[in-house]
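Me: I am new to reading protein structures, and I would like to learn how to go through one feature at a time. Could you walk me through this one?

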Amino acid sequence: MKALLVTHGTRGDVQPLLALAVALKKAGHEALLAAPKSFATSVRAQDVEFAALDNGPNRLLEDPLMAEAIEGGYRGVRGKITALAAIRRIKPLMADVLRDVGAVARSSGADVVVHTPSVPAQHAAEALGVPAVLAALQPGWVPTSEFPCPMVPLPRLPRFLNRATYLTVSATLRAYSGVVNAWRTDDLGLPRGQGPRHALVLQAFSSLVTPVDPTWQDSVRTTGFWYLPRVTTWTPDAALKAFLEAGPAPVYVGFGSMAGRDAQRTGDIVAEAVRAAGVRAIVATGWGGLAARSSDDLLVIDQAPHDWLFGKVAAVVHHGGGGTTAAALAAGVPQVVCPFVADQPHWAQRMHAVGVAPQPLLHKKLTVASLAEAITHTASDPAIRRRAVELGEQVRSQDGVGVAVRELERIRNGRC
């Protein structure tokens, strides 16, 4: 089997597909990962074949309009207006991405296409005449009446309205229908239409930490999180190694590609909260450019492999991205989650619900006092630590990528 894996976005969107590519290769299959060209080095470091896509909407990560949309979580009238303005900015950039996806697909020789919702690559699968598989990295893509769409910031609703909340996600995707239809007809040579149904939906998260609907069809499989094998050759630089050895386990703070419109203010809150909590901390600036300065008890780094670092810290303070949440779960470490947007509030609520984190701290309401209190409570509560260790063992045992590979083999062999 040769699988074409297509994704776009930030590290949390790319790394799970990279993990699947590695697992496919290990099982004796071929895998080609198409992702933003900025990820070429990290993909090739795993000895995975890579096809570069235009960076597209990633160019807007530091744009003030996008920062405002993310910081507000698309809530309220202004949030929705800002989100619509952001969509208008994204459309032409997405056209560049789709152009590259078409070119990659035509030359790939793939017999199955696996893609995240960020790229409608099911149309490329149709052009190739092969099955399309959706890789859902968070719940919200498969409608159910059991619970409302986790991707939508809504107040608590009566149960009979749950399924209707998923229409909001569909409406967001339809906002790009003009760009997608132009690509479908002009580039792929297909008639106008919605594209084929997915032969399979692989939900790349754990049913241990987020609800699933037991009545979903067999074509929807919740596998467990998709983890990369640890890179055993990675070593910390002298400053990180010395800081870890200089005192008790520090707290990790990192918001990935999120920092809000004022990264300096967020960095100041973090530094003061760490000081007020009386803990040592490692602050990762990440793509969001979280601003902070190193001191005796605070070390600022760009980034470090989560699977290496998280096992060495007392708690992980993060934005609630699916990838960071999964890494913290696997490390068996307590969490403090400060969500911004999209699926982040869902993961924040779920970490509290399963007992490994306190109540979420919405980023836009973050204060020195609230963050310091959450860090103190989380890092010192033995019940939270015991639960984190217990759940970490369970999550690690699920072998999500192994399950995903077997499901792909099943549909490739015509047993779907």
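**Reading a model step by step**

Reply: Happy to! K241 is partly exposed, as its relative accessible area is 44%. Keep in mind that this is a predicted model.

Me: Which residue does K241 meet in a salt bridge?

Reply: Start with the general idea: side chains of opposite charge can pair when their charged atoms come close. Here the side chain of K241 meets that of E245, with 2.9 Å from N to O. The two residues are 4 apart in helix α8 (residues 238-245), so about one helical turn separates them. E245 is exposed, at a relative accessible area of 56%.

Me: How many salt bridges does a search of the whole structure find?

Reply: The search finds 12. One of them is formed by R106 and D187, whose closest N and O atoms are 3.0 Å apart. D187 counts as partly exposed, because its relative accessibility is 26%.

Me: Which residue meets D111 in a salt bridge?

Reply: That is R412, and the N to O distance is 3.2 Å. Again distant parts of the chain are linked: R412 is in helix α15 (residues 400-412), D111 is in the loop between α4 and β4 (112-115), and they are 301 residues apart.

Me: Are R412 and D111 buried or exposed?

Reply: Look at the relative accessibility of each residue, and remember that under 20% means buried. D111 has 18%, so D111 counts as buried. R412 has 37%, so R412 counts as partly exposed.

Me: Helix α7 has come up already. Which residues are buried in α7?

Reply: V179, V180, N181, W183 and R184 are buried there. Take V179 as an example: its relative accessible area is 18%, and therefore it counts as buried. Apart from residues up to four places away in sequence, V179 touches K91, M94, A95 and L98. Its C-alpha is 24 Å from that of A110, a residue 69 places away in sequence. After α7 comes G189, which has a positive phi, near 70°.

Me: Which residues are in contact with V101?

Reply: When reading contacts, set aside the neighbours in sequence and see what remains. V101 lies in helix α4, and beyond its neighbours within four places it is in contact with V6, L53, V119, A121, A124 and W183. W183 is one of the buried residues of α7. V101 is itself buried, with a relative accessible area of 2%.

Me: How many residues apart along the chain are V101 and V6?

Reply: They are 95 residues apart along the chain, and their C-alpha atoms are separated by 7.8 Å.

Me: Where does T116 lie, and what does it touch?

Reply: T116 is found in the loop between β4 and α5 (122-128). Setting aside residues up to four places away in sequence, T116 touches V6, T7, H8, D13, L17, L134, A135 and L137. V6 is also among the contacts of V101. T116 is buried, with a relative accessible area of 2%. Its side chain makes a polar contact of 2.8 Å with the side chain of S118. A238 is 122 residues away from T116 along the chain, and the C-alpha atoms of the two are separated by 38 Å.

Me: What about empty space? How much of it lies in the second largest pocket?

Reply: The general idea is that rolling a probe the size of a water molecule over the atoms shows where empty space is left. In this model, the second largest pocket holds about 680 Å³ of space. It is lined by 24 residues, and those closest to its centre are P148, P150, V152, L154 and Q349. The lining divides into 16 nonpolar, 3 polar and 5 charged residues.

Me: Which residues are in contact with H346?

Reply: Beyond its neighbours within four places in sequence, H346 is in contact with P139, P150, T210 and P211. H346 lies in helix α12 (residues 344-353), and at 13% relative accessibility it counts as buried.

Technical notes
Residues numbered from 1 in each chain as written. Predicted model: local features only at pLDDT ≥ 70, side-chain atom pairs only at ≥ 80, totals over all residues. Heavy atoms only, no water. 1 Å grid on protein atoms, 1.4 Å probe; cavity = no way out; pocket = protein on both sides within 12 Å on 5 of 7 lines; lining within 4 Å. Points joined across faces, edges and corners; volume = space filled by probe spheres on them. Nonpolar A, V, L, I, M, F, W, Y, C, P; charged D, E, K, R; others polar. Salt bridge = Lys/Arg side-chain N within 4 Å of Asp/Glu carboxyl O. Buried < 20%, exposed > 50% of the residue type's maximum accessible area, 1.4 Å probe, protein only. Contact = heavy atoms within 4.5 Å. Polar contact = N/O pair within 3.5 Å; in protein donor to acceptor, adjacent residues only side chain to side chain.
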